[in-house]
Amino acid sequence: GGGRRELGCRWLVVPTGPPFGALGQVTRSGNTVTVSGWTIDPDTSAAIDVHLVAGGRILAVHAADERIDVGRAYPAYGSNHGFSAGFSVSGSGIPVCAYAINVGGGTNTRLGCRTV
């Protein structure tokens, strides 16, 4: 029984927008290219997908590798936002690009490109 009582109100700002991050290393050994980096989407603390594009091929990877440095810089999102993957290419002068795939408000983000 009894009446209602207001305990107070607070405004909460929830981050939103496109993903952000960085393309780290892009190395080539023979016909194998290895790409690494990290990404966070402010709409979720969960890991998101990254699309690696090279020579007309697209490789989807899940950015869930542990990155202690990222966790320290963005503690609200945790440390599991790194990615690393390798794939085959042929020829030379091939651009390799990484795109963070958005899960909420905003668009996909190009993390960077390198030529191998």
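Begin by selecting Phe20, which counts as partly exposed because its relative accessibility is 26%, where buried means under 20% relative accessible area, exposed over 50% and partly exposed in between (1.4 Å probe, protein chains only). Keep in mind that this is a predicted model, in which local features need pLDDT of at least 70 and side-chain atom pairs count only at pLDDT 80 or more, while totals for chains, interfaces and linings use all residues. Residues are numbered from 1 along each chain as its sequence is written, and side-chain values use heavy atoms, with hydrogens and water left out.

Rings of Phe, Tyr and Trp (for Trp, its six-membered ring) pair if their centres lie within 6.5 Å, and planes under 30 degrees apart count as stacked, over 60 as edge-to-face and the rest as tilted. By this rule the count comes to three aromatic pairs. In one of them, the ring centres of Phe20 and Trp38 lie 6.0 Å apart with the planes at 85 degrees, so this pair is edge-to-face. The pair links distant parts of the chain, with Phe20 in strand E1 and Trp38 in strand E2, 18 residues apart; helices (H or I, at least four residues) and strands (E, at least two) are DSSP runs, numbered from the N terminus.

Trp38 is buried, with a relative accessible area of 15%. The ring centres of Trp38 and Tyr74 are 5.7 Å apart and the planes stand at 40 degrees, so the pair is tilted. This pair also links distant parts of the chain, because Trp38 belongs to strand E2 and Tyr74 to the loop between helix H1 (68-73) and E6, 36 residues apart. Tyr74 itself, at 30% relative accessibility, counts as partly exposed.

**The sheet that holds E1 and E2**

Next, colour the four strands that form an open sheet in the order E1-E2-E6-E5, with antiparallel pairing; two strands pair if DSSP finds at least two bridges between them. Strand E1 (20-29) and strand E5 (65-66) stand at the edges, each with a single partner strand, so one side of each is left without a neighbour in the sheet. Inside this sheet, look at strand E2 (residues 32-40) and strand E6 (residues 80-88), which pair in the antiparallel sense over seven bridges. To find a position on this pairing, select Thr34, which stands opposite Gly86 in E6.

**The sheet that holds E3 and E7**

Now move to the other open sheet of four strands, whose order is E4-E3-E7-E8 and whose pairing is antiparallel. Here strand E4 (57-62) and strand E8 (109-115) are at the edges with a single partner strand each, so one side of each has no neighbour in the sheet. From one strand to the next the twist averages 20 degrees, with axes taken as lines fitted to C-alpha atoms, for helices over the stretch in contact, and angles running from 0 to 180 degrees between N-to-C directions.

Walk across this sheet strand by strand. Strand E3 (residues 49-54) is joined to E4 by six bridges, and the two run antiparallel; select Val53 here, which stands opposite Ile58 in E4. E3 also pairs with strand E7 (residues 95-100) in the antiparallel sense over five bridges, and His51 stands opposite Tyr99 in E7. E7 and E8 then pair in the antiparallel sense over six bridges, with Ala100 opposite Thr109 in E8.

At 37% relative accessibility, Gly105 counts as partly exposed.

**The whole chain**

Finally, zoom out to the protein chain, whose secondary structure comes to one helix and eight strands, in the pattern β-β-β-β-β-α-β-β-β along the sequence. The radius of gyration of the protein chain is 19 Å, well over the 13 Å that the globule rule gives for 116 residues, so the chain is more spread out than a compact globule; this radius is taken over C-alpha atoms, and the rule is 2.2 Å times the number of residues to the power 0.38. The C-alpha atoms fill a box of roughly 75 × 25 × 20 Å, taken along the principal axes. Of the 116 residues, 34% count as buried.
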